[in-house]
Amino acid sequence: MTDSSRTTTPRTHPAEAMDENLGRGSGILAKLRTFSLLGIQAMAVEVEVDVSPRAMPKTILVGLPEAAVRESTHRCERAIINSGFTRPADRVVINLAPAELPKQAATFDLPISLGILIGSGQFQSDKLREYAVVGELALEGHTRPAKGVLSMAIAARQLGFKGIVVPQENAIEAAVVEDLEVIAVNSLSQAAGFFAGHLEIDPTPSQMRDLFEAFSRYEIDFADVRGQEMAKRAITVAAAGVHNLLMLGPPGSGKTMLAKRIPTVLPQLSPQESIETTRIYSAVGRLQPGQALMAKRPFRSPHHTISEPGLVGGGSIPMPGEISMAHHGVLFLDELPEFNRRTLEVLRQPLEDRIVTISRAQRSTTFPCDFMMVAALNPCPCGYRSDPRRDCHCTPPQIEKYMGKISGPLLDRIDIHVEVPAAEFKELSSSQPGTSSAEIRESVECARKSQLERFQGTSINYNAQMSSKQIRTYCRLNDECMNILKVCVNELGLSARAHDKVLRLARTIADLDSSDHIEVHHLTEATNYRMLDRDVWK
């Protein structure tokens, strides 16, 4: 064979050969945007779906999915088929990015299903970059409500999305976020029609005003409580300045009845406060059916057997506890000495900082907990030590042991200590109505208005939040008041924290009197609310 008869085959670079092979077997890559909850924060997640022709159909899900997310592939396959679409007989790779973020809950069903349909070429869309998608799917393809949709809608607006596609049941909740189109869908078919451009869906309008009118009414009133005008006065002061309150009295004197009515005298939630509170309830799935927004201030009353994580929050993936559920509301601890002492001690830092941080090996999560703490307890184990009509057989050591379950540092953080005596028969049988919630709320709102004007331009909203520097500015005392405070500090042994709390209380009492200055009677009333500093149980 001569050289001229030889044929020369051109060489192909290995990288070029690899690109050629990939091109022959490659499919369509679909990318959708969704969110994953981390505590109450919504973290952006990109859903990437690659459908590639292979002999054996297989679905692979990567990106640190939790159990509920791993199971979503089976729900998505049946939802696709039962919605009239075709399940691709190819290899489907689903990536949830960023890979290091744990993905939990079933809100990935809808974006994954839409990604599979787009990746397999069953429809195309130019809206994927403009709209985020969240939602769980039933096997027949209908959507189911999801947790944390309000946080996801807020995150979508912050990231510049035009809108968000959510299940029909969550649309009103998400629609309270301004400057964001909320597209409500009730099935996979409807979502696919919207993204394909075959179905026009009008954005859900905001119904915040209607929600406030429907859910802001109370069925209870302070007029239901006969007598106990001293306790009502203490509650008025506490509500006006958001001061912590402790009620001491025998069983049946009305402590719980009074506590449950405290939200009725607090100012109505502002839209911003309502959204902050609703985010927490939405994230843990505690919103009532049909109620898309918290319009009343929360009232939480955990049982005394509650654990530390149940009270302040916790879990492998941190979730909010009772103190965060009481954000912008009231946390009521009935039978305070019956709580585990260690459980009560974890309240000390949140009471001061108004936030709680849950730290784990991988990450830390911070929850808001700006609440008013109200506690109730009996004066002794049997409960009748202060009741003149009943005999108490508790010994002094028993009483000291009972009251000793509450630590001094925790008592120090409670601004008002008030005695609630047993009601007399003439008060119980009287036809004269007591002070109503409307009357108390009017006084509270006037005092709050003065505080908002005083702290305008700062992050402070009410007197209980004042720092030491602000106390020196806004709680100036004349010489007579200074002498009274000096005697009280020396005789009662008040700590520096209790000293500041007395001044904050006096400032609130002055606000209720519409007084620019703290007078003697304001300071005297404030010091009288430090009852437990006098060792009355010994």
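How much space lies in the largest cavity? About 50 Å³.

1. Basis. This is a predicted model, in which local features need pLDDT of at least 70 and side-chain atom pairs count only at pLDDT 80 or more, while totals for chains, interfaces and linings use all residues. Numbering runs from 1 along each chain as its sequence is written, and side-chain values use heavy atoms, with hydrogens and water left out.

2. Cavity. On a 1 Å grid over the protein atoms alone, a cavity is a set of points where a 1.4 Å probe fits but cannot get out; a pocket is an open set with protein on both sides within 12 Å along at least five of seven lines, and lining residues have an atom within 4 Å of a point. Grid points are joined across faces, edges and corners, and a volume is the space filled by probe spheres set on the points. The count comes to one cavity of 30 Å³ or more. The largest cavity is lined by Thr59, Glu77, Arg87, Pro88, Asp90, Val92 and Ile116. By class this lining has three nonpolar, one polar and three charged residues; Ala, Val, Leu, Ile, Met, Phe, Trp, Tyr, Cys and Pro count as nonpolar, Asp, Glu, Lys and Arg as charged, and the others, Gly among them, as polar.

3. Largest pocket. The largest pocket has a volume of about 600 Å³. Its lining is made of 29 residues, and Pro145, Ala146, Lys147, Asn170 and Glu173 lie nearest the centre. The elements that give two or more residues to this lining are α6 (171–174) and α11 (271–283). The largest share, three residues, comes from α11. Helices (H or I, at least four residues) and strands (E, at least two) are DSSP runs, numbered from the N terminus. The lining divides into 15 nonpolar, nine polar and five charged residues.

4. Second pocket. For the second largest pocket the volume is about 420 Å³. It is lined by 19 residues, of which Pro267, Glu273, Arg297, Arg448 and Tyr462 are the closest to its centre. Helix α19 (residues 437–454) gives the largest share of the lining, four residues. In this lining eight residues are nonpolar, five polar and six charged.

5. Salt bridges across the sequence. The structure holds 20 salt bridges, a salt bridge being a side-chain nitrogen of Lys or Arg within 4 Å of a carboxyl oxygen of Asp or Glu. One of them joins arginine 413 and glutamate 352 (3.7 Å, N to O). Arginine 413 lies in the loop between α17 (408–412) and β18 (416–419) and glutamate 352 in helix α15 (residues 348–353), so this pair ties together parts that are 61 residues apart in sequence. Arginine 413 is buried at 9% relative accessibility, whereas glutamate 352 is partly exposed at 37%; buried means under 20% relative accessible area, exposed over 50%, and partly exposed in between (1.4 Å probe, protein chains only). Lysine 501 and aspartate 415 also meet in a salt bridge (3.6 Å, N to O). Lysine 501 is in helix α22 (residues 496–512) and aspartate 415 in the loop between α17 and β18, so the two tie together parts that are 86 residues apart in sequence. Both residues are buried.

6. In the salt bridge between arginine 507 and aspartate 511, the closest N and O atoms are 3.1 Å apart. The two residues are four apart in helix α22, a separation of about one helical turn. Arginine 507 is buried, with a relative accessible area of 3%, and aspartate 511 is buried at 4%. Elsewhere, salt bridges that share partners join Glu352, Asp412, Arg413, Arg497 and Arg530 into one network.

7. Threonine 236. This residue is found in helix α9 (residues 229–241) and is buried, at 9% relative accessibility. A polar atom of its side chain lies 2.8 Å from the backbone oxygen of lysine 232. Leaving aside neighbours within four places in sequence, threonine 236 is in contact (heavy atoms within 4.5 Å) with Ile440, Ser443, Val444 and Leu512.

8. Arginine 385. The loop between β17 (372–377) and α16 (396–403) holds arginine 385, which is partly exposed with a relative accessible area of 35%. Its C-alpha atom is separated by 7.4 Å from that of proline 250, and the two residues are 135 apart along the chain.

Key: A polar contact is a pair of N or O atoms within 3.5 Å; within protein, one must be able to donate a hydrogen and the other to accept it, and residues adjacent in sequence count only if both atoms are side-chain atoms.
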